[in-house]
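Here's a quick briefing to read alongside the model. Have the viewer open and follow along, topic by topic.

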Amino acid sequence: MKHKISPSLLSANFANLAKDLEMINRSEADWLHLDIMDGVFVPNISFGFPVIKAVSELCQKPLDVHLMIVNPEKFISEVKATGAKIMNVHYETCPHLHRVIQQIREAGMEPAVTINPATPVSVLKDILNDVYMVLIMSVNPGFGGQKFIERSLEKVKELKMMINEAGSDALIQVDGGVNLETASLLLEAGADVLVAGNAVFGAPSPEEMIHKLKTL
Ligand SMILES: O=C(CO)[C@@H](O)[C@H](O)COP(=O)(O)O
Ligand SMILES: [Fe+2]
């Protein structure tokens, strides 16, 4: 399967989202990645559901919503109402992760689970057959434009082995510090979906950068 690219809107121009969304629609991006932050789980606040709803009305690509918030299970119906395809919650915020995954699926979305750089992939062993995707954070969540943490490559390889052993078809997504160089290494390691914020929106031609990431 060809890998997917999910540009992160966090690095877009918030004063002219319509222009960036037109670019996303024209581009080879597979999904659009939306980072919700609450200033509690992570030391930053980004945007919330009304913005995602407005984005969904202009964006023709499936929305991949990454929730960096405490108690994400309280917002399943709000995420669903935005039209999102994927609802991604952090392992670190869900003591009853299995229940949250079921609730996301029952709401009609694809459930995904994210782990922070300090969380080992082994904690996901018992839910690999229940999720659509696992997201390995390759920076500490909260900000765009950070440096890729090299250890993430080993984590992708470990997770790939665990997924194969479990007979699961879960996708492996990686988010943080993805650029042309780290993307190649991640694809070799077994990643299926690459999120890229700064590399895309900071490029002279974001559309061309998405093409380059997609054709690696
Ligand atoms: O979830 C996050 C940050 O917490 C990301 O989705 C960032 O938006 C990625 O930005 P880059 O590292 O690609 O600039
Ligand atoms: Fe993200």
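In helix 4 (residues 97-106), the buried residues are Leu 97, Val 100, Ile 101 and Ile 104. They sit on the same side of helix 4 because they cover an arc of only 100° around the axis. Bear in mind that this is a predicted model.

- As for partners, the buried residues of helix 4 pack against helix 3 (76-81), strand 4 (86-90) and strand 5 (110-115).
- After helix 4 comes Gly 108, with a positive phi near 95°.

**Around ligand 1**

- Ligand 1 is surrounded by 22 residues, and the closest are Ser 8, Leu 10, Gly 144, Gly 197 and Asn 198.
- Strand 2 (32-37), strand 8 (193-196) and helix 7 (198-201) are the elements that give two or more residues to this shell.
- Sorted by class, the shell around ligand 1 has twelve polar, eight nonpolar and two charged residues.

**Leu 186**

- Leu 186 belongs to helix 6 (residues 180-189).
- Is Leu 186 buried or exposed? Leu 186 counts as buried because 25 other C-beta atoms lie within 10 Å, and the cut-off for that label is 20 or more.
- Leaving out residues up to four places away in sequence, Leu 186 touches Leu 153, Val 156, Val 174, Val 178, Ala 191 and Leu 194.
- Leu 186 and Pro 117 are 69 residues apart along the chain, and their C-alpha atoms are separated by 15 Å.

Note on methods:
Residues numbered from 1 in each chain as written. Chains lettered and ligands numbered in written order. Predicted model: local features only at pLDDT ≥ 70, side-chain atom pairs only at ≥ 80, totals over all residues. Buried ≥ 20, exposed ≤ 12 C-beta atoms within 10 Å, placed from the backbone. Helix = DSSP H or I, 4+ residues; strand = E, 2+ residues; numbered from the N terminus. Arc of directions from axis to C-beta. Contact = placed C-beta atoms within 7 Å. Near = placed C-beta within 6 Å. Nonpolar A, V, L, I, M, F, W, Y, C, P; charged D, E, K, R; others polar.
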